[in-house]
Amino acid sequence: MSIKTYKEATWEAMKEEMLRDPSVYAMAEDIIGNGGSMGHYIGLGQAVGDENRVLDAPISETAIVASAVGAALAGMRPVIDMRFSNCLPVCMDELTNQAAKSRYMFGGQGKVHMVVRCPDGIMKMQGAHHTDCLEAWFAHVPGLQVVIPSSPAEGKGLLKSAIRNDNPVIFFEHKTLFKMEGEVPEEEYTIPIGKARVARDGKDVSIIVYGVMVSRALEAAKVLEQEGVSAEVIDLRTVSPWDKETVLASVRKTGRVVVAHEAVRQCGFGAELSATIGEEAFASLKTPVVRIGAPFVPIPMSPHLEDMCRTLPKDIISAVKRVLS
Amino acid sequence: MFTKEELLSYYTTMVQIRQFDLEAKRAREAGEILGNVHVYVGEEAIATGVCACLNTTDYIESTHRGHGHTIAKGAQLKPMMAELYGKATGSCHGKGGSQHIADFKVGMLGANGIVGGGFGLAVGAALAARYQKTGAISVVFFGDGASNRGTFHEAANMAAAWRLPVIFVCENNGIACSTPHSTGGQQAVVDLSKRALGYGMESYVVDGNDFFSVYGAMKRLVKRARGGEGNCCGFLECQTHRPFGHIVGDVQRYRDPTQAKAQWEADDCIKNFERRCITAGWLEPQDFEAVQRAVSETIEQARQFAIDSPYPDKSQLFTDLYD
C-alpha cells in the first residue's frame, strides 16, 4: 500500500489499461493543454509511449461521444472525458440512443465498450452549469452502466473494470475526490461492477451512499458512535447495476435506513433505493426510510446558498436521528 | 470502362433494392409488417454507386431509409426481410426492424432512428481503422434535412481536423420529411455541398439519378480518402427524388403525390442506367429482363423465409444488453 491521491490513482489506472490493451485510447477537450479539467491526464501519452492515444478533441461533445460509439463498434475501447457532468446533456442522443442501444437493437453484432468519465458535484462557487449530479438520469437508461467511486483505491479498481467491461459506462467522479488521499494497493487489482461494499459495519442503522457521500457518511458514523449509535455504511459503488442483495441484507439487519446523495432529492437515485426497500424489506423496517439530497433548485453560485445544497455529515446525522426516533 | 459483369452486378444491386423495397412497401400497406418503413425507391443509384467503390471492410453509417445502403454494402436479403418482420432469423434477431437494420459482417454499422445520428459514429469508425491500421474508410449517408443538424458540423470538423478518411454522402431529395426546400425555411444555401467548403473538404454535386455520375465522383473521393494525405475527407451531394411519402402510409398532404411520382418516373435511375447501357451497346434488353426475373425470385424466397421464420423466443428479451 502507498498513499496516493485520487488523481494519481486513476491516472495509474489509465496508464495500466492503455499499456495492457492497445485498443484503449483517451479523448477529451483540453486533455493535452490542461491535462483534462482536473489535470488528471497530464503526461499520460508519454507514459504509455504513444501520444496519439491521448486525443485532444475540438469542442464538440456530440462528436466526441458519437465517435467513441463508432470506434467501439469498430473494436476500440475509448475512454472519453466530458470535463464536467453538465456537458452530458449536450450529447444525450449519443449516450442514450447510440451508446446505450446499439448493441441491443443490432442483435449483439457489436458492443459499445466505452467509458465516459464525468467529474461532477459541488466544489466551490462554480454555479449551476458546472455542478450537477446526474446519475439518476443515466441509471434510468437500459444499456448503460453507472459507476461512482468513493476513494483513490476504489477509483482505480473501478476505472480499470469499467475499461475492461464490454458495456458503456458513465463514470461519475466527484470533483472534490481528485485531491483526496488514501491507501492504494501496489499490486494489480480490479473491483467488480455491480457489487457494493460494506464500508463500515454497524447494527442500528444503514446509511446507503455512493461516491463522495461515502466519506461523509463515515464521518457521520464516527460522530454517531460517540453518541452510542452503531451505523452501517454501504458504499454502492455502482448505481446501475446496483447491488440489491447487499442493501437488503443490511436493511434486514438494522431495520432503519438513511439514503443520502448530493443530487437533488426529487427523483434522485435515493427514490429507487427507498422504493425497493419498501417493496422488498418492508417487514424489516422499524421506521420509514429517510432519504436526503439537495433541495430542488439549480445549484446557486453564492456561497451561503450553495452551502444549503450540500449534503454533509451533519445532514446525515440529523437524518439518522430521525429514523432512530 | 466497365466489364459486362460489373455492369450486371450494379444493375442487379439496384433492382434488388427496388424490388426489396417495393415488397416492403406492399407488406407494410397490407399490414403484414408493422412499424416504420422508409423505402429507398428512387434513390438506388446512390447507394449502389457509392458502395461499388467500397470494400467489405469499409464502414457505412446509414439513415432511417437504410435498406438500400444495406443491400448495396452486400447484406443478404433473407435476414434483412426477416428483420422487417421482427423474426429471430433477422439481421438483428428482430430487435431492430426496418429503421434500425444493420449488418456488421459487411461493415454496415447501422441504420439510425435519429436524423443525423450517424455522423459522429462514422468518424469514430474511421478513427478505429486508423488505430487498427486496417486501411478501411468510412462513409456516412444522410439526407438534406440532416445536414442542418449540429452533429453534421461537429463530425465534419472533427474528421477534417484529424485528417480521417470519412466521406459524407448527402442524398438530397429536396424534401425533409414533409417539408420541401421550396418552403425556404430549411437552409439558406441551395447547394448543400457548399457546406463542405467550411471544412476544407473536396466536394462534388452529382445527378443522383445517374449511377455513372455517382460512381465517378465517389471513385475520386475514395481514392483521395484511401491515400490518406492531408484533409482526405470528402462530400458528395447526390440530387435525387423521393417518389413516395416519407414513410409508408404517408398520404403526402404537403405536396401533389401524383406529380412527385411522375417527376421521378421521367428520371428513374434504373431506367437511366438501362438507357445508357443500351445506347453505349454495353448490355441488351434481355440482360435486364434476366436480372429482373432472377431478383423477383430472390425477393420471393426472402419473403417466404421471413414468413416461415419464428419470432424470437421470450428468453431473448434481455440478451445482447449487458455482459
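## Burial and overall form of chain A

Of the 325 residues in chain A, 58% are buried (20 or more other C-beta atoms within 10 Å of the residue's own, with C-beta atoms placed from the backbone). This is a predicted model, in which local features need pLDDT of at least 70 and side-chain atom pairs count only at pLDDT 80 or more, while totals for chains, interfaces and linings use all residues. Residues are numbered from 1 along each chain as its sequence is written, and chains are lettered from A and ligands numbered from 1 in the order in which they are written.

Chain A has 11 helices and 14 strands (DSSP runs of H or I with at least four residues, and of E with at least two, numbered from the N terminus). Its radius of gyration, taken over C-alpha atoms, is 19 Å, close to the 20 Å of the globule rule for 325 residues, so chain A is as compact as a globular protein of that length. The rule is 2.2 Å times the number of residues to the power 0.38. The C-alpha trace of chain A spans about 60 × 40 × 40 Å along its principal axes.

## Helix pair in chain B

In chain B, the axes of helix α1 (residues 4–29) and helix α11 (residues 285–308) come within 9 Å and cross at roughly 45°. Axes are lines fitted to C-alpha atoms over the stretch in contact, with angles from 0 to 180 degrees between N-to-C directions.

How values were computed
Buried ≥ 20, exposed ≤ 12 C-beta atoms within 10 Å, placed from the backbone.
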